[in-house]
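Hi,

Here is the model I said I would pass on.

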Amino acid sequence: MFLTYTRRELRRRARQASIIALGLALGIGLVITVTALSTGVRNAQGEILHSLYGQDTDITVTKPPKFGSFSAGGGERFRFGGTGTPPKAGTKVNIDNLTSGGLGTLTSANVTAAARLSGVAAAAGGLTLTDTKDSITIPRSNGGFGGFGGGTGTFHPPTSMSVDGVDLSGNGAALGPLSSAKLVSGRTLRQTDANADVVLLNSDYARSNKLSVGSTVTIAKISFKVAGLVEQAATGNPPDAFIPLARAQALGTAAGKSLKGKVNTVYVAANSAQNITAVSKELSALLPGTTVTNQNDLAKQLTGSVASASSLASNLGRWLAIAVLAAAFLLASLLTTAAVSRRVREFGTLKALGWTSRRVVGQVVGEAITIGVIGGAVGVGLGFLGSALVGHFAPPLSAAVGPTTGSATPGGARTFTGGMFAGGGGSGGVPGGGGFPGGFERSQSALAGATPTVHVHLIPAVSGSAIATAVVLAIAGGLIAGGFGGWRASRLRPAAALARVE
Amino acid sequence: MYKLTGVKKDYQKGHEVVHALQGVDLTIGDGEWLAIQGPTGHGKSTLLQMLGGLDRPTAGSIQFGDHAGDDLAQLRESQVTKMRAESIGFIFQTFNLVQTLNAQENVEAALVPLRVPTAERRRRAKAALANLGMADRVHHLPSELSGGQQQRVAIARALVKDPQVLLADEPTGNLDEGTRDDIMALLEELWRDHRLTMVLVTHDSMVARRAQRLGVMQNGRLSIKQDTRDQPAASTRPT
């Protein structure tokens, strides 16, 4: 009887039921679309952020360089030639140094300690280095001061290549920037490559330098064979090359000191998204003086339309959906109450037949919930449609990440503005007291400008939880509307109801 | 079946108090047919509502049935509702059928509160309609039935649960003369066959004369004008 009565009654007031259902559908559809949009923006952010330091990495730990590790003007001290023995004039000197600039160092023991923290699923160390090549010809000296003078010196601008040392043991390869790189040619690095002179190149770098799988690349004067080419997102200034960590430690230097047993970035994966903040705090306590950065920190630095879309979805979008849903609930309640008022005599008759108030109220609530469920089903459809339309018509989102001092994020460690060169035009020489100095200084800029802007396509994603929310909202809408109407019906006195003239 | 003692009913109408019933004393025996006549607005329908437990009196008592303790004025709402579901059938002037249910479903609606199983409910509804000559109209909606047919459906609905009492409020008020006679003849037959206690409110003298007892409501007071309980029903009495 209930189903028959409900079906017939809804058919009788089909127009009113449709309005209620449509109102609920619009509200629910909007909630789903906004939720999908938020998820899409979050995924876009994640895609951008994961490209910075790897798919599964939640937190990075870095250390600012020690004060005074650079000379005034910053930079590494390059050493070439023998101890104090100046090269002869006309000698061509080739420089190829693999250095850590802009970041302090941590030890392997720090990595192990980080991995043991509660809430940490895995931790791995890495080295972010720069291989700088230069070739200079020592000019003739006028004596007195050593260094350059008299005739013009031969100057070639140096070239640099960013190199990441990757820990190939355990979870190392699953964390860090290499984990988000996509292999496009050759093979990736294996655990057995731990001490081998093999390199993975960024495909853009390889293309620019006419390199391919099987080519040879010199890093710190050692020939590395190109094992494969990888593609990486442009955000975060991806490294040009990946080599085994052990080789990077053996060949690299930091402030003139060996990097054996050292890393300058620790990549940490938390065992759950909820633990990221807690783990970040633990890491800060474990490794004082370091910079601990997690996704939330980086997300705050995202600029561009992805940040605007995120703000739009979470603020305006959310409140708009709530407002529309509230209006839909109110409309449903008012129309249901009005429908009950028009059926006063009918309900009075049913009560006269012996129907209890509870049964009458149950009928009203049941009808309202049925309309709510219909509205919910249509709303889910509208939500999918809205999400598809947004995904189809939305322009690509742009994003750039601002600088983060002392972190492995792009800008700080890898930017190189060239150096200061003394000499040229007889202007005197590099101080050295008659001899060629033990080195000259070059400035490595701490100028970490914003990373390049990258574009990502917004793909709204409708999740199961969004659909479940829609179902709950639909039933809630029906219950609220039915509650108002049912309350009205329950208060009917049969005699008064029967006396009503319709 | 009923014993009313000093029943009063007052209504608030704006600033005024309307005394719809002013101390009604009435006894209705089992199987009796009482007609109540009177001008509009003098308390006929109000008295019927008291008898059906559709409203509560302001004062007085209404003893119902065999249980001396069943004072309709004092029972809880749920008890009164249960009593209506089991023992009292109603017929209204405007038929009061549920417009979205067909004839059979309207009759079934009276059995729903009694939790009769679906199959049994349908069987009894069909049988009740068939008894009233409506077997071929069971799937028609009220809008597809004539006035007389709708009233037959309403009568079937009232009687499908085998009530003890049938309360009819102007059952022929919306019918033409021919149909009125048909319906009255039908009611009389049912009253006799089912041994019902029937209280019928009407302003039509032709209808009222058919009852065993005739009461007249005037300004909220009831006076008995005719008592033919010891005689056959009006339709069978010699004219």
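**Strand pairing and the rest**

I'll start with chain B. Strand β1 (residues 2-13) of chain B pairs with β2(B) in the antiparallel sense, over 10 bridges.

On to chain A, where I followed strand β4 (residues 120-137) of chain A through its pairings. Strand β2 (residues 92-99) of chain A runs antiparallel to β4(A), and 8 bridges join them. Within that pairing, Asn94(A) has Ser135(A) in β4(A) as its bridge partner. β4(A) is also joined to strand β5 (residues 159-166) of chain A by 8 bridges, again antiparallel. Here Thr130(A) stands opposite Ser162(A) in β5(A). Then there is strand β14 (residues 265-270) of chain A, which pairs with β4(A) over 6 bridges in the antiparallel sense. Val120(A) is opposite Ala270(A) of β14(A).

Next, the contact between the chains. 19 residues of chain A are in contact with 19 residues of chain B. On the chain A side, α1 (2-12), α9 (344-352) and α12 (494-499) each supply at least two of the residues that touch chain B. Sorted by class, that side of chain A has 9 nonpolar, 4 polar and 6 charged residues.

Now the caveats. Please keep in mind that this is a predicted model. Chain A has a mean pLDDT of 76, and 73% of its residues reach 70 or more. Among the elements of chain A, the highest mean pLDDT (95) goes to strand β7 (residues 198-202), and the lowest (59) to strand β16 (residues 302-303). Over residues 70-78 of chain A the pLDDT stays under 50, and the model has 28 contacts beyond four places in sequence for them. The pLDDT is also below 50 over residues 404-450 of chain A, a stretch with 143 contacts in the model beyond near neighbours in sequence.

Which strand of chain A would I open first, going by mean pLDDT among its elements? That would be β7 (residues 198-202) of chain A, with the highest value, 95.

Cheers

Note on methods:
Residues are numbered from 1 along each chain as its sequence is written. Chains are lettered from A and ligands numbered from 1 in the order in which they are written. This is a predicted model: local features need pLDDT of at least 70, side-chain atom pairs count only at pLDDT 80 or more; totals for chains, interfaces and linings use all residues. pLDDT is the predictor's confidence in each residue, from 0 to 100. Helices (H or I, at least four residues) and strands (E, at least two) are DSSP runs, numbered from the N terminus. Two residues are in contact if their C-beta atoms, placed from the backbone, lie within 7 Å. Ala, Val, Leu, Ile, Met, Phe, Trp, Tyr, Cys and Pro count as nonpolar, Asp, Glu, Lys and Arg as charged, and the others, Gly among them, as polar. Two strands pair if DSSP finds at least two bridges between them.
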